Amino acid sequence: MSDYSYFCGIDLAKNHFSLHAVDQNGKVILNKSATRSKLLTTIANMALMRIDVKACGGAHYWVRTLNKLGHDTHIMAVKYMVPYRTKGKNDLNDTVTKRSSSVLFNSLNAR
């Protein structure tokens, strides 16, 4: 399916970031919020993974920063994530949506 064992979606914001990570079997390994000051330490202490963030003003900065830690970070356009949203729009549901679309996107590209 992919070279990575873990997939993560991060909802970028100004001060509080929502993280949702799963393994290849879909088991949730992380579902929490982190402040700006603790985001990098939280991600740095995790195994290498595929991380997806929504395209926004600060996305390029975070992609460069997370890639320096060794993770495979990508920016996703909103139009590719909306079909996977199963509940109302909020930060946690957006991170689950990013992660879901990331796993499907990886499985389709692996063929």
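F17 is buried, with a relative accessible area of 0%; buried means under 20%, exposed over 50%, and partly exposed in between, with a 1.4 Å probe and protein chains only. The model is predicted, so local features need pLDDT of at least 70 and side-chain atom pairs count only at pLDDT 80 or more, while totals for chains, interfaces and linings use all residues. Residues are numbered from 1 along each chain as its sequence is written, and side-chain values use heavy atoms, with hydrogens and water left out.

A pair of aromatic rings is described by the distance of the centres and the angle of the planes. Rings of Phe, Tyr and Trp (its six-membered ring) pair if their centres lie within 6.5 Å; planes under 30 degrees apart count as stacked, over 60 as edge-to-face and the rest as tilted. The whole structure holds 2 aromatic pairs. Helices (H or I, at least four residues) and strands (E, at least two) are DSSP runs, numbered from the N terminus.

W62 also counts as buried, at 4% relative accessibility. Y61 and W62 form an edge-to-face pair as well, at 5.0 Å centre to centre and with 75 degrees between the planes. Y61 is partly exposed, with a relative accessible area of 43%. F17, Y61 and W62 make up one aromatic cluster.

Strand β2 leads on to the sheet. This sheet is open and mixed in its pairing, with 5 strands in the order β3-β2-β1-β4-β5; two strands pair if DSSP finds at least two bridges between them. At the edges stand β3 (28-35) and β5 (72-76), each with a single partner strand, so one side of each has no neighbour in the sheet. On average, neighbouring strands are turned by 20 degrees against each other, direction ignored. β2 and β3 pair in the antiparallel sense over 7 bridges, and the bridge partner of H16 in β3 is T35.

Both helices named here lie across strands of the sheet, where contact means heavy atoms within 4.5 Å. Helix α1 (residues 36-44) lies across β1 (6-11), β2, β3 and β4 (50-54), and runs at about 150 degrees to β3. Helix α2 lies across β1, β2, β4 and β5, and runs at about 165 degrees to β5. Axes are lines fitted to C-alpha atoms, for helices over the stretch in contact, and angles run from 0 to 180 degrees between N-to-C directions.
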